[in-house]
Amino acid sequence: MWLLMAVLSSIFAGLTAILAKCGIKHTDSDVATAVRTVMVLIFSWIMVFVVGSAGTISQIEPKSFLFLILSGLATGMSWICYFKALSMADINKVVPIDKSSTILTVLLAIVIFQETNHLAVKLVGVALIGIGVFLMIEKKDTSSTEQKKGWYIYAVLSAVFAALTSILAKVGISGVESNLGTAIRTCVVLVMAWIIVFARGKQTQVKSIDRRELLFINLSGLATGASWLCYYYAIQNGVVSVVVPIDKLSIVVTIAFSYIFFGEKLKKRSAAGLGLMVAGTLLMAILA
């Protein structure tokens, strides 16, 4: 079941990037992040009440609460950086760098959680993913405007915070029903996202969001909520160093849809990189 959930998480995560890209063509990325988090929060708590785990919130240990909060903060930072990068560059440029968080996550899981089964194969898989990411990172476009040159930094920061999110969540969700853990983390992300919006004086832009973009922002929030619920069930019940690579296969879904909807084609070098990333991911996934 946890393997199935990891696959579903990957599909929903792949749709998230496409829907979000459609929603931030003219909408500020910070504002879009804050708005879509509201939808994720609603979706998350609906699932909590559906499974009947709301009554167990008082039983959560302080340590678990702390790590869920820290995981939420890391998620918030990852989202803010990720959607900022998406607003500045093509999906095919941003997503591969963001997905490189797999490398750091797997290495941390091996060290912290002692997930050393089939260690040699895991390290080979990580190496393939690393080479694939390198091949997919396109050379700088000298014609880019100064405003858009910073996307790379945001994409890298997104990957680092995403890796920390998985590790912190694995500790925090121990002994906590996965839907409830997801809902608690989302509360943290929501508060963080709106603090940033108000701190930067962007709250007035909420009313002026285009209706079509607002629809896509909310749909991306629903996709994220579904992805999270599947993902945190998987890491709670499965092996982190296997779940995370499967989840990152969402890059295939994202790139396929980016070609269909945005006409973003892969160069031969990037296609080879994607193939290596998929190969490395599948190599680790079959260990389950």
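Biologist: How many of the nine residues of helix 4 are buried?
Modeller: In this predicted model, nine of the nine residues of helix 4, which spans residues 91-99, are buried, so the helix is largely enclosed by the rest of the structure.

Biologist: Which residues of helix 4 are those?
Modeller: The buried residues are Ile-91, Asn-92, Lys-93, Val-94, Val-95, Pro-96, Ile-97, Asp-98 and Lys-99.

Biologist: Where is Ile-251 placed, and is it buried or exposed?
Modeller: Ile-251 lies in helix 11, which covers residues 250-262, and with a relative accessible area of 2% Ile-251 counts as buried because the cut-off for that is under 20%.

Biologist: How far apart are Ile-251 and Ile-91?
Modeller: They are separated by 160 residues in sequence, while in space their C-alpha atoms are 9.8 Å apart.

Biologist: Changing topic, what is the phi of Gln-114, and where is that residue found?
Modeller: Gln-114 has a positive phi of about 55° although it is not a glycine, and it sits in the loop between helix 5 (101-112) and helix 6 (119-136).

Biologist: What about His-118, what is its phi?
Modeller: His-118, likewise a residue other than glycine, has a positive phi near 55°, and its place is in the loop between helix 5 and helix 6.

Biologist: How accessible are Gln-114 and His-118?
Modeller: Gln-114 is exposed, with a relative accessible area of 55%, whereas His-118, at 48% relative accessibility, counts as partly exposed.

Notes: Residues are numbered from 1 along each chain as its sequence is written. This is a predicted model: local features need pLDDT of at least 70, side-chain atom pairs count only at pLDDT 80 or more; totals for chains, interfaces and linings use all residues. Side-chain values use heavy atoms; hydrogens and water are left out. Helices (H or I, at least four residues) and strands (E, at least two) are DSSP runs, numbered from the N terminus. Buried means under 20% relative accessible area, exposed over 50%, partly exposed in between (1.4 Å probe, protein chains only).
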